[in-house]
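Me: I have a structure open and want to learn to read it feature by feature. Can you take me through it?

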Amino acid sequence: MQFRLPFYGLLFFSILFGNTPSNLDSLKSGLKFLRWKKIDVELNQFQYGQTYNSIISVSFIDSIEYLIESNQQNIFISGNKIKTFNKNTKQCIIDERLPEDRDIFSIISGDLSGISISNKRNENGLITFSFAMKDFEMRGDISVNSGNWHFENVVVDFDKDNWIEIQMKSWQILRGNYSFSEFGNEAEEVIDLRE
């Protein structure tokens with residue numbers, strides 16, 4: 001009996017002061033909720049004095065594949081391969097990017113490699129962080145729900161004349177089959193920029 005008390009005390013303190021998830025780990029876990037989900041977001045973009053606003057859908061298929069759908073075009077990203085289908089011209093463009101390239105949707109899906117976060121704030125039911133990705137000169141703020149750490153909005157500042165804001169509107173479970181190889185089969189013209 002004399003042995004149990006110190007043992008339970010040690011166990012209690014190791015749990016109390018043990019490794020708790022970091023803010024970055026919690027953020028990453030919360031953002032991964034969007035995998036196998038289709039979300040509708042409002043996209044606001046300011047570029048050299050012009051403001052653009054649209055509603056787009058993003059289907060997060062897994063950790064490396066997602067489909068972006070808008071009125072004018074659909075973009076399918078699979079790892080470092082990209083296909084863009086222009087709905088007006090019925091043209092499909094195939095391209096590649098560097099394997100380590102990241103974009104705003106990579107971040108939203110929980111790929112936070114190379115990102116540092118700081119300045120945690122609790123505001124109106126949201127947890128907001130400032131983030132920076134030095135390799136791509138990308139910085140901004142990301143907000144998640146304070147109850148479950150699920151994505152709410154992100155603002156990316158490229159410079160004083162260029163920024164993008166994405167605000168979550170709704171989500172649903174992803175249904176159907178998505179194939180990068182079959183994407184754009186209805187195109188009347190295919191341009192492969194990899195050649």
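Me: Leaving aside neighbours within four places in sequence, which residues is R121 in contact with?

Reply: Contact means heavy atoms within 4.5 Å. By that rule R121 touches L126, I127, T128, F129, S130 and D141, with neighbours within four places in sequence left aside. This is a predicted model, so local features need pLDDT of at least 70 and side-chain atom pairs count only at pLDDT 80 or more, while totals for chains, interfaces and linings use all residues. Residues are numbered from 1 along each chain as its sequence is written, and side-chain values use heavy atoms, leaving out hydrogens and water.

Me: Which side chains does R121 join through polar contacts of 3.2 Å?

Reply: A polar contact is a pair of N or O atoms within 3.5 Å; within protein, one must be able to donate a hydrogen and the other to accept it, and residues adjacent in sequence count only if both atoms are side-chain atoms. The R121 side chain has a polar contact of 3.2 Å with the side chain of S130. Another, also of 3.2 Å, links the side chains of R121 and D141.

Me: Where is R121 placed?

Reply: In strand β7, residues 116-123. Strands (E, at least two residues) and helices (H or I, at least four) are DSSP runs, numbered from the N terminus. The protein has 3 helices and 12 strands.

Me: What is the bridge partner of S130 in β9?

Reply: Start with the general idea. Strands of a sheet pair through backbone hydrogen bonds, either parallel or antiparallel. Two strands count as paired if DSSP finds at least two bridges between them. Here, the partner of S130 in β9 is D141. Strand β8 (residues 126-133) and strand β9 (residues 138-145) pair in the antiparallel sense over 8 bridges.

Me: How do β9 and β10 pair, parallel or antiparallel?

Reply: Antiparallel, over 6 bridges, with strand β10 covering residues 151-159. G140 has V156 as its bridge partner in β10. β9 and β10 form a hairpin with 5 residues between them, and W149 in the turn has a positive phi of about 65°.

Me: What is the strand order in the open sheet of 12 strands?

Reply: The order is β7-β8-β9-β10-β11-β1-β2-β3-β4-β5-β6-β12, with mixed pairing. β7 and β12 (189-192) are the edge strands, each pairing on one side only. At the β12 end, 4 bridges join β12 to strand β6 (residues 91-96), and the two run parallel. I94 has D192 as its bridge partner in β12.

Me: Which residues touch the most other members of the largest nonpolar core?

Reply: In soluble globular proteins, nonpolar side chains tend to be buried together. A nonpolar core is a set of buried Ala, Val, Leu, Ile, Met, Phe, Trp, Tyr and Cys residues joined through side-chain atoms within 4.5 Å. Buried means under 20% relative accessible area, exposed over 50%, partly exposed in between (1.4 Å probe, protein chains only). The largest core has 34 residues, and F105, I108, I142, F151, V154 and I166 touch the most other members. A second, separate core of 10 residues includes L67, C92, I94 and L174. F105 is in contact with I56, V58, F60, Y66, I68 and I166, leaving aside neighbours within four places in sequence.

Me: What percentage of the 195 residues counts as buried?

Reply: 36%.

Me: Is R97 buried or exposed?

Reply: R97 is buried, because its relative accessible area is 17%. This arginine lies in the loop between β6 and α3 (104-108). A polar contact of 2.9 Å joins the side chains of R97 and D103. Beyond four places in sequence, the contacts of R97 include Y66, I77, G79 and N80.

Me: How far apart are the C-alpha atoms of I64 and G79?

Reply: They are separated by 5.1 Å, and the two residues are 15 apart along the chain. I64 lies in the loop between β2 (50-60) and β3 (65-69). I64 counts as partly exposed because its relative accessibility is 47%.
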